[in-house]
Each structure stands twice: as C-alpha cells, then as structure tokens.
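Please look over the sequence and the structure shown here, and then read the short report that follows, which moves from a detail of the surface to the chain as a whole.

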Amino acid sequence: MNRPRLQSIDLLRGIVMVIMALDHVRDFFHADAQLYSPEDLAHTTGAIFFTRWITHFCAPVFVFLAGTGSYLALRRRNRPGELSRFLWTRGLWLIFGVEMFFVAAAINFRWPFQLILWQVIWAIGWSMIALAALIHVPWRTLLAGSLAMIALHNTLDGVKPEAFGSLAWLWQILHVPFAFFPLPGGVTAMLLYPLIPWVAVMSAGYCFGRVYDLEPERRRRFLWKLGAGLTVGFFALRFTNWYGDPSPWSWQSTTELTVISFFRATKYPPSLVYLLMTLGPAILVLAALDRTEVSDRNPFLAFGRVPMFYYLLHFNLIHAVMAVLAWFRYGRMDFVFQLPKAINPNAAGFPADYGYSLGETYLIWIGVVAVLYWPCRWFVDVKRRNRSAWLSYF
C-alpha cells in the first residue's frame, strides 16, 4: 500500500537541519571558535556552550531517522531485496561521492583537498551498508542487539588500538575518534565518527519505525512514554556518574559552569549518556508533532524532505559567504581557501582579528538558512514531479 509521507518525521528532520547549519556557521565565523572549544570549561560561557550544545541533537536524530525512514520505505513497498540494494548502493554513494568529494570540496574550497573529514555522512553511509544486511534479521533480535551495542559500548572505552596489532586501524574506525589516515595524493582523512555505536543507532531507528504501524492515539502515548523514559534515564545516569560517559561531570566554581559540565556529554564516539540526552527529547518532539499539519511551503518541511540536498548546499553557501565577507572586510580572501582554525588548528594566513561576535554569527546563520529555502523548495517540487530512482540518492 502506498502511504503518504509522515509530516512529523520530515518536520523534525528539517528542524535539526536548520540547527546543524548553526554549528557550521559558528565553526566558520565565530571569533571564539577560532581560539577554543565551546566545551572548554576554562574559557566558554553559557551562551557559547549552548550554541554548540543544541546542535548535538543533529547527528543522532539524523542517523536515527535514516533508519526509521528505511523501515517506512519497506512498509510502503514491501520489497526487502530492493531496499537492501538501495541501502548498500546509497551507502557507497554517501561515503565516496558525497563525503569524500562533494562535502570535502565544499569544506576545503580548493583542489587538491587539504583534509577530508569522515563525519556524519561517512557514518550514515557505512550504517546503511550494514542495515542492508540487518533488515533481514528478525526485528526483535535486531532491536535487542542494537540496544545492547548502544548501552554497552562504553565498556570498550579503555580498549586501545595497540591491542589489535596490525588491525589497530580497524579498531580506530570502529571506536576511536580523531584518528588520521593517509590517503593517496598526499590527502589526509580525519575520522570524527567511529562506527560504533552509529550503526546501532540507525538499526534502532529502523526498529523504531514499527511504532508508526500503531493506531495514532496508541502511537502518541507510546512516543510520549518512550521519550520521557529516555530523558529521565539521561538525568538519572548522568547525575550518578555511575556509567555511560567517559567524562563525568563535576561541581565547578559557578552554577553556570556546573550546568555546562553536567550537559557536556561525549559525542566522539557518542556515549550512552549523549544518546539518551538527544534521542529522548527528540522523540518527545515527534510526539508533539504527531498531530501537526503544516503547509507544503513550511520551511522545516521543505528542508526535511530534501536533507541531503540541503546538506550539500549549506556548506558551499557558508564558505561562499565567508569569502564575500572576507573580501569586504580585508580586501583579500586567500585565507578562505583553507579550513578555518575551528576545524584545522594549524591553519595559517588568517588575519589576527578574524571572526565575528556571537550575535553576528547568529545573523549570518539566519541569512544562510533563509537563502537555502528557495533551492530546497525547488528540489522538493522536482522530486515530486520526477520519480527517477537517481533522485532518491539525494
């Protein structure tokens, strides 16, 4: 049976895409981002930290909903073999076409690339390849395995790559962030998103899709209970410092810094606490949006229906705006053709006073998102009119 798209899922996806752009604008423009991490307790402020913190929702929600969307695609057509083929081919496209070429080009803004970042698109690509096989596993078994990996992977935090000898590189890919890998042509890849537990987050999202088989009222009750349970679980686990994050919180010299310490969960790789902190509230938002009906022209709906198109455009637009503002401010833009210091601390050639205030950074973010609406609306219409299988890869 051909069922319509669920607006609540598209809306949530669109919301996190807009929030994601804030983090990337901050990396490229905010003056303090060029000097220190927003999570550095010695330098950060509440405004800077929570500008970063709100964007923590993006990757878990995007990966989780990619799994949910895969289940809903199967529900619409009931062709597991076709879905498997789409998942592994799209996974390869995301890794080698999108992450390692289009996104790398948009971030570096030059050829040859200085640095390739294996980020969320990399994790989604490999997770889709894994899901291509996992959809054939009985769903209860898959759910149990996914939850076990999410809950228990922090027990592996102390395992070092050296323990695997010649296979150390494999453990780095699976569970060790910030590893560097030399690639042909003198290019270096920096791994930000190890695959554990992202594969499990996607497969859990796939199992979660079955919630949308429930009758609406029952579904909403389940969403509220699940979201609340995960959120309460975050506060309980985080408060006790018992387990679930390699960086426990601690009392600080001020209340503001203590709150920051409490919410400063580990993203690389995402700890159990981090995933509870983000996915719990996200599911509560899904529950709140479940009754929502908006116009097809709603910006969040447009962004949520073409998230990969939005993702590719926003990096290019952000870097282009950086170049224009650099020209007007400094009369030159040579330094634009390298990664900003927030991404590459070894960047040279940036003016000593480069960067903008947090307020100006927010204005740039709003402008970037506003401009993105029109091409995204256009692409939504293109996909509606043209059912080409190629367009589904975007």
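## A nonpolar surface patch

In this predicted model, the residues F164, L167, W169 and L170 come together as a nonpolar patch on the surface, and their accessible area together is about 370 Å². One of these residues, L167, lies in the loop that runs between helix 6 (139-152) and helix 7 (168-175).

## The chain as a whole

The protein chain contains 14 helices and three strands. Its radius of gyration is 21 Å, close to the 21 Å that the globule rule gives for 394 residues, and the chain is therefore as compact as a globular protein of that length. Taken along the principal axes, the box filled by the C-alpha atoms of the protein chain is roughly 60 × 55 × 45 Å.

The accessible surface of the protein chain amounts to about 17700 Å², and carbon and sulfur atoms contribute 66% of this area. Among the 394 residues, 54% count as buried. Of the contacts in the protein chain with a separation of 6 or more, 74% are between residues 24 or more positions apart.

## Helix 11

Helix 11 covers residues 272-289, which makes 18 residues, and from its first C-alpha to its last it reaches 25 Å, close to the 26 Å expected at 1.5 Å a residue.

Definitions and conventions. Residues numbered from 1 in each chain as written. Predicted model: local features only at pLDDT ≥ 70, side-chain atom pairs only at ≥ 80, totals over all residues. Heavy atoms only, no water. Patch = residues over 30% accessible without salt bridge, like charges linked within 9 Å, V, L, I, M, F, W, Y side chains within 5 Å. Areas by Shrake-Rupley, 256 points an atom, 1.4 Å probe, with all protein chains shown as cover. Salt bridge = Lys/Arg side-chain N within 4 Å of Asp/Glu carboxyl O. Helix = DSSP H or I, 4+ residues; strand = E, 2+ residues; numbered from the N terminus. Rg over C-alpha atoms; globule rule 2.2 N^0.38 Å. Buried < 20%, exposed > 50% of the residue type's maximum accessible area, 1.4 Å probe, protein only. Contact = heavy atoms within 4.5 Å. Expected span 1.5 Å × (residues − 1).
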